[in-house]
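Me: I have some questions about how terms are applied to this model. Please set each value against its cut-off.

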Amino acid sequence: MCTAIAHKGKDLLYGFNLDIDPAVWHYAVYKSSSLFAVGITVGKTTYYVHGVNKNGCFGNVPYMNGERLAPPRGMGRARIDLISDRYLRGKYSFETVEKLLCTKAIVNPPAATMHSLIGSGAGELLIVEPGYGWKRVDGPFAVLANFPVLTTLPDYSAPFYGKERYDRAYSVLQEAGEDFSAADALRLLYETRQEGQWATRVSFVYSRNENAVYYFPDGDISRRSRHMFA
């Protein structure tokens, strides 16, 4: 599951709802003076897969349900989850990521199908979907849920696609004006939270103007906290 949003107005805002089953994935929130990230631990390795750093680099890899298409393994490929990890850690710049998209076949990790909404501190936006390609987003906002947006599916009714979440977020952001704020983005994430086995465990919004991340656990916006970057 999961929902990713971006909005460019008087403030640059990035937001994310992590919908995850902790019995399936071991996750934790990592905070430092330069990073706010959700890490997923597989074996002995922790990957920073969703988050934002002090430079405003926003990365994430929500599941992309639907047709499972991806380039074959082999030379000249790059894994989408590792791109997000290295981007958040500051090992890749936005320009490096875009160069990889132009020169490598972007593939999924084993046994998972993902896509990504990637944002820069300057508000540049990319959507990346292994098997379907990538594109720059020219408008003032973007949304990802759990179905591919770079192709058209015959049916969007499957509940794990999150089409209702996507439509709600798209509608709000489409109507949002220049004054759309971090508080507005937090309310939108709260409105699109999930319950049950794949409930929303972490919600966060990055504000470039404040150089800070607002976040709350378990879909409970009353427990909102603020993390400042140095």
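**Labels and their grounds**

Reply: To begin, Lys163 has a relative accessible area of 25%, and is therefore partly exposed. The model is a predicted one.

Me: Why is Asp167 called partly exposed?

Reply: Its relative accessible area is 36%. Buried requires under 20% and exposed over 50%, so Asp167 falls in between and is partly exposed.

Me: What makes Asp167 and Lys163 a salt bridge?

Reply: The closest N and O atoms of Asp167 and Lys163 are 2.9 Å apart. The cut-off is 4 Å, so the pair qualifies. The two residues are four apart in helix 3, and are therefore separated by about one helical turn.

Me: Why is the pair of Asp179 and Lys10 called a salt bridge?

Reply: Here the closest N and O atoms are 2.8 Å apart, which is within 4 Å, so the term applies. Asp179 lies in the loop between helix 3 and helix 4, and Lys10 in the loop between strand 1 and strand 2, so the bridge ties together parts 169 residues apart in sequence.

Me: How do you know whether Asp179 and Lys10 are buried or exposed?

Reply: Asp179 has a relative accessible area of 56%, and Lys10 has 55%. Exposed means over 50%, so Asp179 and Lys10 are exposed.

Me: What makes Arg136 and Glu124 a salt bridge?

Reply: Their closest N and O atoms are 3.4 Å apart. That is within 4 Å, so the pair counts. Arg136 is in strand 11, and Glu124 is in the loop between strand 9 and strand 10, twelve residues apart. Glu98, Glu124 and Arg136 are linked in a network of salt bridges.

Methods. Residues numbered from 1 in each chain as written. Predicted model: local features only at pLDDT ≥ 70, side-chain atom pairs only at ≥ 80, totals over all residues. Heavy atoms only, no water. Salt bridge = Lys/Arg side-chain N within 4 Å of Asp/Glu carboxyl O. Buried < 20%, exposed > 50% of the residue type's maximum accessible area, 1.4 Å probe, protein only.
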